[in-house]
Amino acid sequence: MRTQVAIIGAGPAGLLLGHLLLRAGIDAVVMEDRSRQHVEQRIRAGVLEQGTVDLLVASGVGERLLRQGLRHHGIDLLFDARRHHIDLSGPTGGRAITVYGQHEVVKDLIAARLAAGAPTLFQVSGVALHGFDGNKPSVTFAHGGRRHTLHCDFIAGCDGFHGVSREAIPPAALQVFERSYPFAWLGILAEAAPAAQELIYASHARGFALFSMRSPQITRLYLQCRPDEDLGQWPDARIWQELHARLETGDGWRLNEGPVLQKSVTPMRSHVVEPMQYGRLFLAGDAAHIVPPTGAKGMNLAVADVRALARALAAHYGERRDDLLAAYSVTCLRRVWRAEHFSWWMTALLHRFPGQAPFMARLQQAELEYVTASPAAAATLAENYVGLPFATFEGT
Ligand code: APR
Ligand code: PHB
(Lines give C-alpha, C1' and ligand atoms only; values in the text may rest on other atoms or scores of the structure.)
(Ligands and ions follow the chains in the order given, each with its own letter.)
Protein backbone atom coordinates (compact mmCIF):
# COMPACT_ATOMS: atom_id res chain seq x y z
CA MET A 1 0.00 0.00 0.00
CA ARG A 2 1.17 3.52 -0.77
CA THR A 3 -0.15 7.01 -0.15
CA GLN A 4 1.22 10.53 0.12
CA VAL A 5 0.17 11.25 3.71
CA ALA A 6 -0.62 8.61 6.34
CA ILE A 7 -2.98 10.10 8.90
CA ILE A 8 -3.21 8.39 12.28
CA GLY A 9 -6.47 9.10 14.15
CA ALA A 10 -9.99 9.99 13.01
CA GLY A 11 -10.78 12.74 15.49
CA PRO A 12 -11.38 16.31 14.29
CA ALA A 13 -7.66 16.77 13.52
CA GLY A 14 -7.16 13.66 11.37
CA LEU A 15 -10.49 13.87 9.58
CA LEU A 16 -10.23 17.57 8.75
CA LEU A 17 -6.64 17.14 7.56
CA GLY A 18 -7.78 14.31 5.28
CA HIS A 19 -10.58 16.49 3.98
CA LEU A 20 -8.38 19.53 3.28
CA LEU A 21 -5.77 17.34 1.57
CA LEU A 22 -8.40 15.71 -0.60
CA ARG A 23 -9.52 19.16 -1.74
CA ALA A 24 -5.91 20.00 -2.56
CA GLY A 25 -5.56 16.82 -4.64
CA ILE A 26 -3.25 15.09 -2.13
CA ASP A 27 -3.82 11.42 -1.32
CA ALA A 28 -4.14 10.35 2.28
CA VAL A 29 -5.22 7.29 4.23
CA VAL A 30 -6.90 7.84 7.60
CA MET A 31 -6.53 5.01 10.13
CA GLU A 32 -8.35 4.90 13.44
CA ASP A 33 -8.22 2.32 16.19
CA ARG A 34 -11.87 2.69 17.30
CA SER A 35 -15.04 1.95 15.32
CA ARG A 36 -16.87 4.54 13.22
CA GLN A 37 -19.81 4.32 15.61
CA HIS A 38 -17.54 4.96 18.60
CA VAL A 39 -15.97 8.12 17.20
CA GLU A 40 -19.34 9.42 15.97
CA GLN A 41 -20.93 9.04 19.40
CA ARG A 42 -18.08 10.15 21.65
CA ILE A 43 -19.28 13.22 23.56
CA ARG A 44 -16.62 15.91 23.70
CA ALA A 45 -16.44 19.70 23.51
CA GLY A 46 -18.92 21.82 21.60
CA VAL A 47 -17.76 25.40 21.07
CA LEU A 48 -16.48 26.38 17.61
CA GLU A 49 -14.55 29.60 17.13
CA GLN A 50 -15.44 31.91 14.27
CA GLY A 51 -12.36 30.81 12.30
CA THR A 52 -13.23 27.13 12.76
CA VAL A 53 -16.75 27.71 11.44
CA ASP A 54 -15.45 29.76 8.51
CA LEU A 55 -12.97 27.03 7.56
CA LEU A 56 -15.53 24.21 7.76
CA VAL A 57 -18.01 26.23 5.68
CA ALA A 58 -15.41 27.29 3.10
CA SER A 59 -14.24 23.69 2.68
CA GLY A 60 -17.75 22.41 2.00
CA VAL A 61 -18.57 20.61 5.26
CA GLY A 62 -20.53 23.38 6.98
CA GLU A 63 -24.02 22.83 5.64
CA ARG A 64 -25.49 21.05 8.70
CA LEU A 65 -23.35 23.18 11.02
CA LEU A 66 -24.93 26.36 9.62
CA ARG A 67 -28.41 24.83 9.93
CA GLN A 68 -28.14 23.26 13.38
CA GLY A 69 -25.30 25.12 15.10
CA LEU A 70 -26.32 27.71 17.69
CA ARG A 71 -24.57 31.02 17.12
CA HIS A 72 -23.82 32.90 20.35
CA HIS A 73 -22.84 36.56 20.59
CA GLY A 74 -22.11 36.57 24.31
CA ILE A 75 -21.46 34.58 27.47
CA ASP A 76 -22.32 35.19 31.11
CA LEU A 77 -19.91 35.18 34.02
CA LEU A 78 -21.69 34.45 37.30
CA PHE A 79 -20.15 35.58 40.58
CA ASP A 80 -21.40 37.29 43.76
CA ALA A 81 -24.78 35.73 42.97
CA ARG A 82 -25.14 37.88 39.83
CA ARG A 83 -24.78 37.18 36.15
CA HIS A 84 -22.54 39.57 34.22
CA HIS A 85 -22.89 39.59 30.45
CA ILE A 86 -19.79 39.62 28.23
CA ASP A 87 -20.44 40.76 24.69
CA LEU A 88 -18.38 38.68 22.28
CA SER A 89 -19.31 40.27 18.98
CA GLY A 90 -19.23 44.02 19.71
CA PRO A 91 -15.51 44.18 20.50
CA THR A 92 -14.51 41.67 17.80
CA GLY A 93 -16.06 43.18 14.69
CA GLY A 94 -19.02 40.80 14.69
CA ARG A 95 -17.20 37.53 15.38
CA ALA A 96 -19.10 34.93 17.41
CA ILE A 97 -18.92 31.32 18.60
CA THR A 98 -21.12 28.47 17.41
CA VAL A 99 -22.26 25.69 19.72
CA TYR A 100 -22.16 22.42 17.77
CA GLY A 101 -20.94 19.13 19.24
CA GLN A 102 -17.49 17.91 18.26
CA HIS A 103 -19.00 14.52 17.38
CA GLU A 104 -21.32 16.29 14.92
CA VAL A 105 -18.25 17.79 13.21
CA VAL A 106 -16.75 14.29 13.17
CA LYS A 107 -19.95 12.85 11.60
CA ASP A 108 -19.97 15.53 8.89
CA LEU A 109 -16.32 14.91 8.04
CA ILE A 110 -16.73 11.12 7.92
CA ALA A 111 -19.79 11.48 5.68
CA ALA A 112 -17.82 13.74 3.30
CA ARG A 113 -14.89 11.31 3.29
CA LEU A 114 -16.97 8.26 2.59
CA ALA A 115 -18.97 10.10 -0.12
CA ALA A 116 -15.66 10.92 -1.85
CA GLY A 117 -14.54 7.30 -1.57
CA ALA A 118 -11.42 8.38 0.34
CA PRO A 119 -9.64 5.53 2.15
CA THR A 120 -10.64 5.42 5.81
CA LEU A 121 -9.81 2.44 8.00
CA PHE A 122 -11.59 1.98 11.32
CA GLN A 123 -10.68 -0.59 13.97
CA VAL A 124 -7.03 -0.86 13.00
CA SER A 125 -4.70 -2.16 15.71
CA GLY A 126 -0.99 -2.31 16.47
CA VAL A 127 -0.20 0.93 14.63
CA ALA A 128 3.59 1.52 14.49
CA LEU A 129 5.52 4.33 12.77
CA HIS A 130 8.80 3.73 10.94
CA GLY A 131 11.48 5.60 9.01
CA PHE A 132 10.16 9.13 9.56
CA ASP A 133 13.62 10.39 10.43
CA GLY A 134 14.61 9.58 6.83
CA ASN A 135 12.97 9.86 3.42
CA LYS A 136 10.90 6.68 3.40
CA PRO A 137 8.39 6.66 6.24
CA SER A 138 5.88 3.87 6.64
CA VAL A 139 3.16 2.78 9.03
CA THR A 140 2.45 -0.83 9.91
CA PHE A 141 -0.85 -1.97 11.39
CA ALA A 142 -3.38 -4.78 11.48
CA HIS A 143 -6.79 -4.46 9.85
CA GLY A 144 -9.39 -7.08 9.06
CA GLY A 145 -7.20 -9.82 10.51
CA ARG A 146 -4.15 -9.02 8.35
CA ARG A 147 -0.92 -7.05 8.85
CA HIS A 148 -0.32 -4.19 6.40
CA THR A 149 2.48 -1.77 5.56
CA LEU A 150 1.53 1.67 4.28
CA HIS A 151 4.40 3.50 2.58
CA CYS A 152 4.09 7.29 2.49
CA ASP A 153 5.89 10.62 2.11
CA PHE A 154 4.70 12.05 5.45
CA ILE A 155 2.97 10.86 8.61
CA ALA A 156 0.44 13.05 10.41
CA GLY A 157 0.12 12.07 14.08
CA CYS A 158 -3.47 13.08 14.85
CA ASP A 159 -4.07 10.33 17.40
CA GLY A 160 -4.81 12.43 20.48
CA PHE A 161 -3.15 12.61 23.87
CA HIS A 162 -2.98 8.82 24.38
CA GLY A 163 -1.87 7.97 20.84
CA VAL A 164 1.33 6.33 19.60
CA SER A 165 2.70 9.12 17.37
CA ARG A 166 4.14 11.42 20.02
CA GLU A 167 5.55 8.36 21.81
CA ALA A 168 7.37 7.33 18.62
CA ILE A 169 9.59 10.44 18.75
CA PRO A 170 12.85 10.01 20.70
CA PRO A 171 12.15 11.64 24.08
CA ALA A 172 15.42 13.60 23.93
CA ALA A 173 14.12 15.41 20.83
CA LEU A 174 11.06 16.80 22.63
CA GLN A 175 10.60 19.37 25.33
CA VAL A 176 7.50 18.79 27.46
CA PHE A 177 5.63 21.58 29.27
CA GLU A 178 3.02 20.41 31.73
CA ARG A 179 0.67 21.50 34.48
CA SER A 180 -2.05 19.51 36.15
CA TYR A 181 -4.85 21.07 38.16
CA PRO A 182 -6.11 19.83 41.54
CA PHE A 183 -9.68 19.33 40.24
CA ALA A 184 -11.66 17.84 37.35
CA TRP A 185 -15.03 18.44 35.69
CA LEU A 186 -18.00 16.17 36.16
CA GLY A 187 -20.04 16.62 32.97
CA ILE A 188 -23.58 15.56 32.13
CA LEU A 189 -25.69 15.66 29.01
CA ALA A 190 -29.36 16.05 29.92
CA GLU A 191 -32.52 15.75 27.90
CA ALA A 192 -33.81 19.14 28.98
CA ALA A 193 -34.41 22.38 27.10
CA PRO A 194 -31.60 24.87 27.86
CA ALA A 195 -33.05 27.38 30.31
CA ALA A 196 -30.83 30.21 29.09
CA GLN A 197 -29.73 31.37 25.64
CA GLU A 198 -26.04 31.71 26.37
CA LEU A 199 -23.32 29.83 28.24
CA ILE A 200 -22.91 30.60 31.94
CA TYR A 201 -19.48 30.25 33.59
CA ALA A 202 -19.99 30.32 37.36
CA SER A 203 -17.49 31.04 40.11
CA HIS A 204 -19.12 29.78 43.30
CA ALA A 205 -17.96 29.06 46.82
CA ARG A 206 -18.86 25.37 46.24
CA GLY A 207 -16.72 25.31 43.08
CA PHE A 208 -16.95 26.16 39.40
CA ALA A 209 -19.98 25.24 37.28
CA LEU A 210 -20.76 25.66 33.59
CA PHE A 211 -24.10 25.77 31.84
CA SER A 212 -23.92 24.90 28.14
CA MET A 213 -26.07 23.17 25.57
CA ARG A 214 -26.05 21.08 22.41
CA SER A 215 -29.46 21.79 20.87
CA PRO A 216 -32.85 23.30 21.78
CA GLN A 217 -33.62 19.97 23.50
CA ILE A 218 -30.28 19.11 25.13
CA THR A 219 -28.47 20.84 28.00
CA ARG A 220 -24.76 20.25 28.75
CA LEU A 221 -23.60 20.94 32.30
CA TYR A 222 -20.34 20.69 34.22
CA LEU A 223 -19.35 20.85 37.90
CA GLN A 224 -15.89 21.23 39.39
CA CYS A 225 -15.13 18.01 41.29
CA ARG A 226 -12.13 16.17 42.76
CA PRO A 227 -9.58 14.88 40.23
CA ASP A 228 -10.16 11.28 41.43
CA GLU A 229 -13.92 11.69 41.69
CA ASP A 230 -15.89 8.42 41.84
CA LEU A 231 -18.99 8.76 39.65
CA GLY A 232 -20.64 6.14 41.87
CA GLN A 233 -20.86 8.84 44.55
CA TRP A 234 -22.83 11.07 42.19
CA PRO A 235 -26.40 9.87 41.68
CA ASP A 236 -28.36 12.18 39.38
CA ALA A 237 -30.21 13.84 42.28
CA ARG A 238 -26.92 14.93 43.88
CA ILE A 239 -25.65 16.33 40.58
CA TRP A 240 -28.80 18.38 40.04
CA GLN A 241 -28.75 19.65 43.61
CA GLU A 242 -25.19 20.85 43.17
CA LEU A 243 -25.91 22.43 39.77
CA HIS A 244 -28.92 24.30 41.17
CA ALA A 245 -26.80 25.55 44.08
CA ARG A 246 -23.95 26.80 41.87
CA LEU A 247 -25.85 28.16 38.86
CA GLU A 248 -29.00 29.73 40.30
CA THR A 249 -28.94 33.15 41.93
CA GLY A 250 -32.31 33.47 43.65
CA ASP A 251 -33.70 35.79 40.95
CA GLY A 252 -36.28 33.22 39.85
CA TRP A 253 -34.22 31.69 37.01
CA ARG A 254 -34.23 27.87 37.25
CA LEU A 255 -32.28 25.18 35.45
CA ASN A 256 -34.47 22.72 33.59
CA GLU A 257 -33.94 19.13 34.68
CA GLY A 258 -34.32 16.08 32.48
CA PRO A 259 -33.08 12.51 32.08
CA VAL A 260 -29.27 12.30 32.26
CA LEU A 261 -28.07 10.81 28.97
CA GLN A 262 -24.34 10.72 29.72
CA LYS A 263 -22.07 11.31 32.71
CA SER A 264 -18.28 11.53 32.79
CA VAL A 265 -15.28 13.03 34.58
CA THR A 266 -12.81 15.10 32.53
CA PRO A 267 -9.31 15.60 33.97
CA MET A 268 -7.83 19.08 33.74
CA ARG A 269 -4.34 19.54 32.43
CA SER A 270 -2.16 21.77 30.31
CA HIS A 271 0.44 19.95 28.20
CA VAL A 272 2.57 21.02 25.23
CA VAL A 273 5.39 19.28 23.38
CA GLU A 274 7.91 21.17 21.32
CA PRO A 275 8.59 20.93 18.48
CA MET A 276 5.44 19.52 16.86
CA GLN A 277 7.53 17.85 14.17
CA TYR A 278 10.27 15.23 13.96
CA GLY A 279 11.60 14.51 10.48
CA ARG A 280 8.63 13.53 8.31
CA LEU A 281 6.27 13.09 11.27
CA PHE A 282 4.01 16.04 12.07
CA LEU A 283 1.90 16.12 15.25
CA ALA A 284 -1.47 17.91 15.26
CA GLY A 285 -4.24 18.47 17.83
CA ASP A 286 -4.31 16.70 21.19
CA ALA A 287 -1.29 14.58 20.18
CA ALA A 288 0.79 17.74 20.59
CA HIS A 289 -1.07 19.80 23.16
CA ILE A 290 -3.83 19.73 25.76
CA VAL A 291 -5.64 22.66 27.33
CA PRO A 292 -8.05 22.59 30.26
CA PRO A 293 -11.57 22.87 28.81
CA THR A 294 -12.42 26.18 30.52
CA GLY A 295 -11.47 28.26 27.48
CA ALA A 296 -13.19 25.87 25.00
CA LYS A 297 -10.05 25.79 22.84
CA GLY A 298 -9.15 22.08 22.36
CA MET A 299 -10.97 21.36 19.11
CA ASN A 300 -10.23 24.81 17.71
CA LEU A 301 -6.49 24.33 18.19
CA ALA A 302 -6.70 20.97 16.41
CA VAL A 303 -8.43 22.70 13.49
CA ALA A 304 -5.84 25.50 13.32
CA ASP A 305 -2.99 22.95 13.32
CA VAL A 306 -4.33 20.93 10.41
CA ARG A 307 -5.17 24.04 8.43
CA ALA A 308 -1.48 25.02 8.69
CA LEU A 309 -0.34 21.48 7.87
CA ALA A 310 -2.63 21.17 4.85
CA ARG A 311 -1.35 24.48 3.48
CA ALA A 312 2.25 23.44 4.06
CA LEU A 313 1.72 20.09 2.31
CA ALA A 314 -0.08 21.82 -0.58
CA ALA A 315 2.97 24.11 -1.00
CA HIS A 316 5.26 21.04 -0.92
CA TYR A 317 3.40 19.09 -3.58
CA GLY A 318 2.03 22.00 -5.64
CA GLU A 319 4.91 24.48 -5.63
CA ARG A 320 7.87 22.36 -4.45
CA ARG A 321 8.26 24.76 -1.54
CA ASP A 322 9.11 23.44 1.93
CA ASP A 323 9.31 26.70 3.87
CA LEU A 324 5.80 26.25 5.29
CA LEU A 325 6.55 22.68 6.36
CA ALA A 326 9.75 23.90 8.03
CA ALA A 327 7.78 26.64 9.82
CA TYR A 328 4.85 24.37 10.80
CA SER A 329 5.79 23.84 14.43
CA VAL A 330 6.76 27.45 15.11
CA THR A 331 3.60 28.75 13.42
CA CYS A 332 1.29 26.41 15.34
CA LEU A 333 3.00 26.93 18.69
CA ARG A 334 2.32 30.68 18.61
CA ARG A 335 -1.43 30.05 18.66
CA VAL A 336 -1.03 27.07 21.00
CA TRP A 337 0.70 29.15 23.66
CA ARG A 338 -1.83 31.98 23.33
CA ALA A 339 -4.58 29.41 23.92
CA GLU A 340 -2.61 27.75 26.73
CA HIS A 341 -2.39 31.11 28.47
CA PHE A 342 -6.07 31.94 27.95
CA SER A 343 -7.22 28.49 29.12
CA TRP A 344 -4.99 28.64 32.20
CA TRP A 345 -6.25 32.17 32.95
CA MET A 346 -9.95 31.21 32.64
CA THR A 347 -9.29 28.14 34.80
CA ALA A 348 -7.46 30.10 37.50
CA LEU A 349 -10.13 32.82 37.43
CA LEU A 350 -13.15 30.60 37.96
CA HIS A 351 -12.19 27.54 40.04
CA ARG A 352 -11.81 27.06 43.79
CA PHE A 353 -8.35 25.65 44.44
CA PRO A 354 -8.24 23.28 47.45
CA GLY A 355 -6.55 25.07 50.33
CA GLN A 356 -6.63 28.32 48.37
CA ALA A 357 -5.06 31.22 50.29
CA PRO A 358 -7.36 34.17 51.03
CA PHE A 359 -4.92 36.32 49.02
CA MET A 360 -5.68 34.28 45.86
CA ALA A 361 -9.42 34.55 46.47
CA ARG A 362 -9.12 38.36 46.57
CA LEU A 363 -7.09 38.35 43.33
CA GLN A 364 -9.79 36.24 41.61
CA GLN A 365 -12.44 38.64 42.84
CA ALA A 366 -10.48 41.67 41.59
CA GLU A 367 -10.00 40.05 38.18
CA LEU A 368 -13.68 39.08 37.86
CA GLU A 369 -14.71 42.65 38.70
CA TYR A 370 -12.17 44.07 36.24
CA VAL A 371 -13.18 41.81 33.37
CA THR A 372 -16.85 42.69 33.78
CA ALA A 373 -16.42 46.42 34.51
CA SER A 374 -13.71 47.40 32.03
CA PRO A 375 -14.55 47.37 28.32
CA ALA A 376 -10.85 46.84 27.53
CA ALA A 377 -10.61 43.77 29.79
CA ALA A 378 -13.92 42.40 28.49
CA ALA A 379 -12.70 42.88 24.92
CA THR A 380 -9.56 40.86 25.70
CA LEU A 381 -11.70 38.00 26.97
CA ALA A 382 -14.01 38.27 23.93
CA GLU A 383 -11.15 38.35 21.41
CA ASN A 384 -9.60 35.22 22.87
CA TYR A 385 -12.88 33.40 23.33
CA VAL A 386 -14.11 33.86 19.74
CA GLY A 387 -10.58 33.02 18.60
CA LEU A 388 -7.90 35.22 17.06
CA PRO A 389 -7.89 35.25 13.26
CA PHE A 390 -5.55 32.74 11.58
CA ALA A 391 -3.46 35.59 10.12
CA THR A 392 -2.49 36.79 13.64
CA PHE A 393 -0.07 33.87 14.03
CA GLU A 394 1.10 33.47 10.47
CA GLY A 395 3.82 36.11 10.22
CA THR A 396 7.26 34.63 9.72
N1 APR B 1 -4.03 4.31 16.26
C2 APR B 1 -5.05 4.86 15.57
N3 APR B 1 -5.88 5.77 16.11
C4 APR B 1 -5.66 6.14 17.37
C5 APR B 1 -4.61 5.62 18.15
C6 APR B 1 -3.77 4.65 17.53
N7 APR B 1 -2.76 4.10 18.20
N8 APR B 1 -4.63 6.19 19.37
C9 APR B 1 -5.68 7.04 19.36
N10 APR B 1 -6.31 7.02 18.17
C11 APR B 1 -7.48 7.79 17.75
C12 APR B 1 -8.51 8.01 18.84
O13 APR B 1 -9.40 6.90 18.96
C14 APR B 1 -9.23 9.24 18.34
O15 APR B 1 -10.32 8.94 17.51
O16 APR B 1 -7.06 9.09 17.41
C17 APR B 1 -8.17 9.99 17.53
C18 APR B 1 -7.73 11.26 18.19
O19 APR B 1 -8.82 12.14 18.21
P20 APR B 1 -9.08 13.21 19.38
O21 APR B 1 -8.71 12.62 20.69
O22 APR B 1 -10.45 13.71 19.19
O23 APR B 1 -7.99 14.34 19.09
P24 APR B 1 -7.94 15.49 17.99
O25 APR B 1 -8.43 14.99 16.67
O26 APR B 1 -6.59 16.07 18.12
O27 APR B 1 -9.02 16.53 18.47
C28 APR B 1 -8.83 17.37 19.58
O29 APR B 1 -10.52 16.32 20.85
O30 APR B 1 -10.08 15.53 23.01
C31 APR B 1 -10.73 16.48 22.25
O32 APR B 1 -10.91 18.38 23.61
C33 APR B 1 -10.17 17.79 22.59
O34 APR B 1 -11.59 19.05 21.31
C35 APR B 1 -10.29 18.51 21.32
C36 APR B 1 -10.16 17.53 20.24
C1 PHB C 1 -19.35 22.34 26.15
O2 PHB C 1 -20.46 22.76 25.75
O3 PHB C 1 -19.09 21.12 26.18
C4 PHB C 1 -18.34 23.30 26.64
C5 PHB C 1 -18.58 24.66 26.57
C6 PHB C 1 -17.64 25.55 27.02
C7 PHB C 1 -16.46 25.09 27.56
C8 PHB C 1 -16.20 23.73 27.63
C9 PHB C 1 -17.14 22.82 27.16
O10 PHB C 1 -15.54 25.96 28.04
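1. Let's start with a strand pair: strand S13 (residues 175-190) and strand S16 (residues 218-225) run antiparallel and share seven bridges. Within this pair, Trp185 has Gln224 in S16 as its bridge partner. Strands here are DSSP runs (E, at least two residues), helices likewise (H or I, at least four), numbered from the N terminus; two strands pair if DSSP finds at least two bridges between them.

2. Before going on, note that this is a predicted model: local features need pLDDT of at least 70, side-chain atom pairs count only at pLDDT 80 or more, and totals for chains, interfaces and linings use all residues. Residues are numbered from 1 along each chain as its sequence is written, chains are lettered from A and ligands numbered from 1 in the order in which they are written, and side-chain values use heavy atoms, leaving out hydrogens and water.

3. S13 and S16 belong to an open sheet of eight strands with mixed pairing, ordered S6-S5-S14-S15-S16-S13-S17-S20. At its edges lie strand S6 (82-87) and strand S20 (289-290), each pairing on one side only.

4. Another open sheet has three strands, in the order S9-S10-S11, and its pairing is antiparallel. Its edge strands are S9 (125-130) and S11 (146-151). S9 joins strand S10 (residues 138-143) over four antiparallel bridges, and Ala128 stands opposite Thr140 in S10.

5. Finally, look at helix H10 (residues 358-373), where you will find Leu363.
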